[in-house]
Amino acid sequence: MKVYDAQSLRNVALVGHSGAGKTQLVSTLLFSAGAVNRLGRVDDGTTVTDYDEEEIARKHTLSASLAYAEWNKTKINFIDTPGMANFLSDAKAALRVADAAIVVVDAVAGVEVSTEKIWAFAEEFGVPRIVVLNRLDRERASLERSLDSLRGVFGRTVIPIQLPIGEERSFRGVVDLVGMKAWTWPADGSGKASEGPVPPEMQSAAETAREALIEMVAEADDSLMEKFFDAGTLTQEELVSGLKRGISAGRVFPVLCTSATGNIGMQPMLDAMVAYVQSPAERGFGATDAKGDDLRVPAGDSGAMAAFVWKTVADPFAGRITLLRVVSGSLKSDSTVQNITRETPERLGHLLLLQGKTQTPVQEIKAGDLGAVAKLKETLTSDLLADKSVAFKVQPVKFADAVISYAIEPKSRGDEDKISSALHRLQEEDPTITYNRDPQTKELLLSGQGQSHIEVTVAKLKRRFGVEVNLKLPRIPYRETISASTEAHGRHKKQTGGHGQFGDCKVKFEPLPRGSDFEFVDDIFGGAIPRQYIPAVEKGIQDARMRGFLAGYPMVDFRATVFDGSFHAVDSNELSFKMAGSLAFKDGMSRARPTLLEPIMDVEVYAPSDYAGDLMGDLNQRRGRIGGMDTRGASTIIRAKVPMSEMLTYEQHLTSATGGRGSYHMEFSHYEEVPSHLHGKIISAAKAERGQEAAEEV
Ligand SMILES: Nc1nc2c(ncn2[C@@H]2O[C@H](COP(=O)(O)OP(=O)(O)OP(=O)(O)O)[C@@H](O)[C@H]2O)c(=O)[nH]1
Ligand SMILES: [Mg+2]
């Protein structure tokens, strides 16, 4: 295997909405570049990057994976990433180590929900973006409509550098607006490119589009702007170099035209990646210095070695596989390096290059390149492996918090222990899942980004670790609160034989605004309760509020002010005041008009506009409040605030209502009072559950 210098490398991540064709594009590109000798297809389950059984079965990428090809003496590393909303964390991690985002957009649908999310990730990391308009062979595909949609969301600096030749089923080539020539491909899917002059009927459209491109490139660069004003145009050399600078600065977002299944547009796309994506030598890698200031680490081969871990794969047989980008220096197999993040040495075995699931052992991975290493002991995602002399740090990628929890239980009793260790391994691979035991219900809760994320995790548990579990619908984390102020009295007194117990406190309870949780105020003057017992009163109230009053949910958004009390010189102790605090809570709650709160979610639904009416009606039925609507090309986005309890089965509903063309995203917004007619149901369900558990525990 050849070793490439940083100048001869390009790292790109293919990102975008699910179904836009990222995985198919990678497979077709690899075939066109001669890196593989068979054109793998998503529909046959034979692509290079969707090799996991679960991915093949679902026809969706669930996890980022690597592939590479050589083109014009340059090694292009591709990272194929998931586009489904529940799985975007891997797209984010990939963008952290890529030098450009290839934003793949479906030419029929235009911008979709994940397109916007990944665009924001790229923005966050300052990653240049190249848009690839794919599926141009499909009915109703359109460059104009897609451009409207893209510009509507990302601005007017989204600009074509190609025009499609032929529409829909007769899409057969592209006009390259930089080189002013035409590329065409045969309809047999062989991908054999022919180059020729711009077709006469497209000449004038191509000239207009080229002028617009030249103007945009000039606008992105002050020195070119002057030249453009003087000469009225740019030279070919200025256009090419200016375009690369504009793209690298994030001031120009070029658009390419392809059909991945039709094998159309691949060679110019590979050319564009070599020509317009910065090499790691040019771009370096974002890190922070000792003071926490940003810096870019140059990808020099000499100098200290540093490699950033962006992903970990948990394999029950091969062990951990650690995916990394060598930031600087050269990573050598069979060496020992320092894990700077965990301050511990790591012994490296074989280094690997990954072509999908195919691993090629190599002796060395040089600065700028992407590769992997197996069986590291301590190293996890976001760690920095480096020579000890390396002083910079790399901030970990921040992943989304879990939004939904399901209770899981093993199908066979004996699997209890296996579940935790398997989940622990899976969490290394997917930092967006969490699991913990509910202290109240003792259930094992698995939390993630949505229903399909949890289902995929459960499928992995079974397939990789042989653990089968039952999933139960998530429990809603209701809260309780009070709606009136009151004063309460708690007195704990026990005279049993010798040493008695005595604690006495008066507490005022007042509602606080939503989101304030709990405040405790000590308003005792003159020693009605001795200092040392005040924390015990607080503890008593704290414990009691966590057990709730109405239905056993934690009580929040109120203030407890202890303002009076009394004590006994001999019998008072901490325990007695804790009891007094708890009694005061109970006394107060009976008059403070307690009520229930439920989590409200911010929901964004994306779907073809034809479905908008039905989907809004359905959200209303779910007690949702529609906050707004936007159209993006042929799609509509509906924004709404909906109680979490109404959204538990939404994924299924949306899929069946839109024939799989809708998608949604939701995250926690805030808590709101539950309408009173629903209280009875929630309270009795909670009591029934507790009763059952109490019975089980006996
Ligand atoms: N007609 C047509 N179909 C395409 C094209 N590219 C991909 N497809 C099909 O679109 C579907 C989705 O393609 P994928 O490559 O899996 O899409 P993806 O972007 O990787 O999707 P996720 O992995 O879910 O994010 C598959 O059935 C492909 O065969 C294209 O250019 N034209
Ligand atoms: Mg895919």
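Ile321 is buried, with a relative accessible area of 9%, where buried denotes a relative accessible area under 20%, exposed one over 50%, and partly exposed the range in between, calculated with a 1.4 Å probe on protein chains only. This residue of the predicted model is found in strand 15 (residues 319-328), helices (H or I, at least four residues) and strands (E, at least two) being DSSP runs numbered from the N terminus. When residues up to four places away in sequence are not counted, Ile321 touches Lys311, Thr312, Val313, Gln359, Ala372, Val373 and Ala374, a contact being defined by heavy atoms within 4.5 Å. Ile321 and Met266 are 55 residues apart in sequence, and their C-alpha atoms are 31 Å apart in space.

The model is a predicted one, in which local features need pLDDT of at least 70 and side-chain atom pairs count only at pLDDT 80 or more, whereas totals for chains, interfaces and linings use all residues. Residues are numbered from 1 along each chain as its sequence is written, chains are lettered from A and ligands numbered from 1 in the order in which they are written, and side-chain values use heavy atoms, with hydrogens and water left out.

The protein chain contains 17 helices and 36 strands, and its C-alpha atoms fill a box of roughly 105 × 60 × 60 Å, taken along the principal axes. Of its 698 residues, 56% count as buried. Among the contacts in the protein chain with a separation of 6 or more, 71% are accounted for by residues 24 or more positions apart.

Gly246 lies in helix 8 (residues 236-248) and is buried, with a relative accessible area of 2%; leaving aside neighbours within four places in sequence, Gly246 is in contact with Ala220, Arg251 and Val252. The C-alpha atoms of Gly246 and Glu219 are separated by 9.0 Å, the two residues being 27 residues apart along the chain. Asp415 lies in the loop between strand 24 (404-410) and helix 11 (416-429), counts as buried at 11% relative accessibility, and touches Pro410, Gly466, Val467 and Glu468 when residues up to four places away in sequence are not counted. In helix 3 (residues 89-97), 9 of the 9 residues are buried, and this helix is mostly covered.

The magnesium ion (ligand 2) has Thr23 (OG1) and Thr61 (OG1) as its protein donors, lying 2.0 Å from it; donors are N, O and S atoms within 2.8 Å of the metal (3.2 Å for Na, K and Ca), and sites may look incomplete, as water is not among the atoms. The pair links distant parts of the chain, with Thr23 in helix 1 (residues 22-32) and Thr61 in the loop between helix 2 (53-58) and strand 2 (65-71), 38 residues apart. Thr23 is buried, with a relative accessible area of 7%, and Thr61 is likewise buried, with a relative accessible area of 8%.

Helix packing was examined next. Two packed helices are described by the angle between their axes and the distance between the axes. The axes of helix 11 and helix 12 (residues 451-465) come within 10 Å and cross at roughly 110°, axes being lines fitted to C-alpha atoms, for helices over the stretch in contact, with angles that run from 0 to 180 degrees between N-to-C directions. Helix 11 and helix 12 are therefore roughly perpendicular to each other, since angles under 35 degrees count as roughly parallel, over 145 as roughly antiparallel, 65 to 115 as roughly perpendicular and the rest as oblique. The contact involves Lys418, Ala422, Leu423, Arg425, Leu426 and Glu429 of helix 11, together with Thr457, Lys460, Leu461, Arg464 and Phe465 of helix 12.

The axes of helix 13 (residues 534-546) and helix 14 (residues 574-589) come within 7 Å and cross at roughly 45°, and these two helices are therefore oblique to each other. The axes of helix 15 (residues 612-621) and helix 16 (residues 650-657) come within 11 Å and cross at roughly 155°, which makes helix 15 roughly antiparallel to helix 16. This contact is made by Leu615, Asp618 and Leu619 of helix 15 and by Tyr650, His653 and Leu654 of helix 16.
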